[in-house]
Amino acid sequence: KTDKDEIRIAFVGRVVPIKDVKTFILAAPFVVKRVPNAIFWIIGPQDEEIEYYKECCQLIETLGLQDKIFFKGRMKPEDMYSQVDLVVLTSVSEAQPYVIIEANCVGIPVVATDVGACQELVDGRTPEDRKLGPSGLITEVASPDKTGEAIVTILNTPSLYDMMSISGKKRASEYYDEIDLLSRYLNVYEKYL
């Protein structure tokens, strides 16, 4: 996977503290040492918590990675996923992040923190689902080192990358169709209303 001119690693989400964009940024130096052609895209709105966005920009500058980490703003999913090689979620809290399902649909492996439903979306929810194999790697919260290691492991192991890509596509098509997703969200809403 790393023989391309550019390997694009994407964080997809709002630039806010709960998404812990700083862990994504801090993982970049570890990755760049091992995958020199890696670049990092931060895809999502930057205007919700301006001070946090400024802190992220300052961190990128402090690390000297202005030529490696880019804020892309909002992107249409079809534009984004057609250009990205790996998706990373570093959130400190999540419910059931659509971004993992979307990445699975198009066969892009994921690195995600062990919060909310991330583990089941990546590794499978049921014994049958788990038999498909993982579609990415799960890491600890607020751990740039573990995040970086997971990114490098996937990118530097083509057979693993390909297996995760296939597993993700199968999981998305077999277990996360639109009607199923909508009914599960409806059940959650009804439970708490």
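A residue counts as buried when its relative accessible area is under 20%. E94, at 18%, therefore falls in the buried class. Keep that cut-off in mind as you look around this predicted model.

**E94 and K19**
- E94 sits in the loop between β4 (86-89) and α4.
- K19 belongs to the loop between β1 (7-12) and α1 (21-34), so the link with E94 joins distant parts of the chain, 75 residues apart.
- In space, the C-alpha atoms of E94 and K19 are 8.4 Å apart.
- Their side chains form a salt bridge, with an N to O distance of 2.7 Å.
- K19 is buried as well, because its relative accessibility is 14%, and the limit for buried is under 20%.
- E94 also has a polar contact of 2.7 Å with the side chain of S91.
- Leaving aside residues up to four places away in sequence, E94 touches K19, L89, V115, G116 and C118.

**Other charged pairs**
- Side chains of opposite charge can pair when their charged atoms come close.
- The model has five salt bridges in total, including the one between K19 and E94.
- Another joins the side chains of K22 and E55 at 2.6 Å, N to O.
- This pair too links distant parts of the chain, with K22 in helix α1 and E55 in helix α2 (residues 50-62), 33 residues apart.
- Both partners are partly exposed: K22 has a relative accessible area of 24%, and E55 has 34%.
- E6 and R8 also meet through their side chains in a salt bridge, at 3.1 Å, N to O.
- E6 is partly exposed at 34%, and R8 is partly exposed at 22%.

**The largest pocket**
- The largest pocket holds about 400 Å³ of space.
- Its lining has 19 residues, and the closest to the centre are V12, G13, R14, K19 and V99.
- Two elements, α3 (77-81) and α4 (98-105), each give two or more residues to this lining.
- The largest share, three residues, comes from α4.
- By type, the lining residues divide into 11 nonpolar, three polar and five charged.

**S165 and its surroundings**
- S165 lies in helix α8 (residues 158-175).
- With a relative accessibility of 13%, S165 is buried.
- A polar atom of the S165 side chain is 2.7 Å from the backbone oxygen of G107.
- Not counting residues up to four places away in sequence, S165 touches G107 and P109.

Technical notes
Residues numbered from 1 in each chain as written. Predicted model: local features only at pLDDT ≥ 70, side-chain atom pairs only at ≥ 80, totals over all residues. Heavy atoms only, no water. 1 Å grid on protein atoms, 1.4 Å probe; cavity = no way out; pocket = protein on both sides within 12 Å on 5 of 7 lines; lining within 4 Å. Points joined across faces, edges and corners; volume = space filled by probe spheres on them. Helix = DSSP H or I, 4+ residues; strand = E, 2+ residues; numbered from the N terminus. Nonpolar A, V, L, I, M, F, W, Y, C, P; charged D, E, K, R; others polar. Buried < 20%, exposed > 50% of the residue type's maximum accessible area, 1.4 Å probe, protein only. Polar contact = N/O pair within 3.5 Å; in protein donor to acceptor, adjacent residues only side chain to side chain. Contact = heavy atoms within 4.5 Å. Salt bridge = Lys/Arg side-chain N within 4 Å of Asp/Glu carboxyl O.
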